[in-house]
Amino acid sequence: MTAPASPFPRPAARCAAAGAAPALRPVTAAPPRSFPVYADLCARYSGLKFSEEKSYLLEARLSAIMRREGCADLDALAAALAKDPSRLEPDIAEALLNNETFFFRDRAPFDELQASVLPRLKAARSAERRLRIWSAACSTGQEPYSLSMMFAEERASWHGWGIEILGTDLSRSALTRARSGLYTQFEVQRGLSTHRLLQHFTKEGERWRLKNDIRSRVRFLPRNLMHPLPGGECFDIIFARNVLMYFGRERKAEVLARLRTALAPDGVIILGAAETLFGFQDLFRPAAGSRGYYSPTLDITRTAICPDSRGTVHPARGEHRESPIAFPTPNQRV
Amino acid sequence: MHSCLIVDDSKVIRKVARRILEDFSFDIDEAGDGQQALDRCGSAMPDVILLDWNMPVMGGLQFLQNLRARPAEKRPTVIFCTTENDMEHIRAAMDAGADEYIMKPFDREIIKAKLEQVGLI
């Protein structure tokens, strides 16, 4: 999931590498007549805003589906969508998303995690020796795998700990790629040092596959942040970077409230460098000294499913919840 | 301003790399093979060297081995930039003292990512 399509055209070299993408509509061209159909679908399906100034990206994003459905243009595809929404809606809504992500993106959040957050949580969890991390809107998996690499590189320090990393996204195709752990030459050169490439990957043809020990620490599940979370989950760290910025204020409030219920009282949520939670101080407060890091407010009644410091679990209010995810913890021990 | 020596026998590659690096405010010098590059490093050591593998006269790996064996006050960062994209070549380059490795074809984004990796931008 992560975000709707970037307003900036991709560099020419990468468009060429992508192959079949048709020429982009000129930035100055008027949106197609059917633009509101796509904007509405995006808002309903993912809660994200697809603004008019990004309408020139519609053709590029939807060209494969247009070809598959034999539609000559966007208006024809919109007509096909109206006739068969249950089949086409998920495909079109997912195609409108931008799966932009890369390994160790922005670096600073990972450095901060290692320098201050993990040592604190390690001390706080020394009895149960278990740490749960959720990478929300993880797209093709580079963020949760970056975390898994970090723990693998500190193997001795985390010996005997259960490290559970969950990656979720609403895009099924992104999750399929994430599960494969297979990345292109371009993808492994963004954010990933050559030392890490040699340490954690093997080469398969022209692509690079993450080794099993990195992949086995991460579990991927489809999840739409617009929907209620499954019950019983409690994470120590939630990565929700570069996704909230694309929600309108109301949607953002809903999503933040959900994330808040799944975060341990002493946990942290990590946002993108350009994001803040200004206006949501009732849910989160900035973590001292850590840009992009936020801690839950101390209002324990909002923690819903996470146990408080005495181990009491507070029930959720008014949301149906499915069964919590179950990690196969024994073989996830570092 | 950081200095960069681009070592590649292709004028086109040197030109493309120069344009990208100048955008990041690097002061650029060029060499067409490893021997020319060694000569350039004799007068003034650059901050970073962008290094091709296969070149006439002296290849990139031999240049790197010579460079690292040479006593010098300044240790330049070396980033290989080559079409050799298998693990054996990459490992050999890193073992010889390369700091990073770019597999061609490269673009602005990859160059930027690697320069960030080595702390030059």
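In the predicted model, A:Leu182 stands opposite A:Arg209, a residue of strand E7 of chain A. Strand E7 spans residues 207-210, and two bridges join E5 of chain A to this antiparallel partner. The two strands belong to an open sheet of three strands in chain A, in the order E5-E7-E6 and with antiparallel pairing.

The contact between the two chains draws on 21 residues of chain A and 19 residues of chain B. Three residues, A:Gln189, A:Thr194 and A:Leu198, account for 38% of the area that chain A buries against chain B, more than any other three residues. In general terms, the size of an interface is often expressed as the accessible area lost when the parts come together. For chain A and chain B, about 1700 Å² is buried between them, and 53% of this area lies on carbon and sulfur atoms.

With regard to polar interactions, 12 residue pairs are in polar contact across the interface of chain A and chain B, both residues of each pair being at pLDDT 80 or more. On the side of chain A that touches chain B, helix H9 (185-188), helix H10 (194-200) and strand E6 (201-204) each supply at least two residues. The largest share of this side, four residues, comes from H10 of chain A. By residue class, the side of chain A that touches chain B comprises eight nonpolar, seven polar and six charged residues. One salt bridge is counted between chain A and chain B. This salt bridge is formed by B:Glu109 with A:Arg190, and the closest N and O atoms are 2.3 Å apart.

A:Gln189 is placed in the loop between H9 and H10 of chain A. Neighbours within four places in sequence being left aside, A:Gln189 is in contact with B:Tyr101, B:Ile102, B:Met103, B:Ile110, B:Ala113 and B:Lys114. The relative accessibility of A:Gln189 is 2%, below the 20% limit, and the residue therefore counts as buried.

Chain B contains five helices and five strands. From the N terminus on, the elements of chain B follow the order β-α-β-α-β-α-β-α-β-α. Of its 121 residues, 55% count as buried. Among contacts in chain B between residues at least 6 apart in sequence, 59% join residues at least 24 apart.

Several local backbone features were also identified. The peptide bond from B:Lys104 to B:Pro105 is cis, with omega near 5°. B:Pro105 is located in the loop between strand E5 (100-103) and helix H5 (108-117) of chain B. B:Ser25, although not a glycine, has a positive phi of about 65°. This serine, B:Ser25, lies in the loop between helix H1 (11-23) and strand E2 (27-31) of chain B, and its relative accessible area of 42% places B:Ser25 in the partly exposed class. In chain A, phi of A:Arg129 is near 50°, a positive value in a residue other than glycine. A:Arg129 is found in the loop between helix H6 (108-124) and strand E3 (130-135) of chain A, and at 34% relative accessibility A:Arg129 counts as partly exposed.

Elsewhere in chain A, A:Leu97 lies in strand E2 (residues 97-98). At 2% relative accessibility, A:Leu97 counts as buried. A:Leu97 and A:Ser171 are separated by 74 residues in sequence, and their C-alpha atoms are 8.2 Å apart in space.

Note on methods: Residues numbered from 1 in each chain as written. Chains lettered and ligands numbered in written order. Predicted model: local features only at pLDDT ≥ 70, side-chain atom pairs only at ≥ 80, totals over all residues. Heavy atoms only, no water. Contact = heavy atoms within 4.5 Å. Buried area = accessible area lost by both parts, 1.4 Å probe. Salt bridge = Lys/Arg side-chain N within 4 Å of Asp/Glu carboxyl O. Polar contact = N/O pair within 3.5 Å; in protein donor to acceptor, adjacent residues only side chain to side chain. Nonpolar A, V, L, I, M, F, W, Y, C, P; charged D, E, K, R; others polar. Pairing = 2+ DSSP bridges. Buried < 20%, exposed > 50% of the residue type's maximum accessible area, 1.4 Å probe, protein only.
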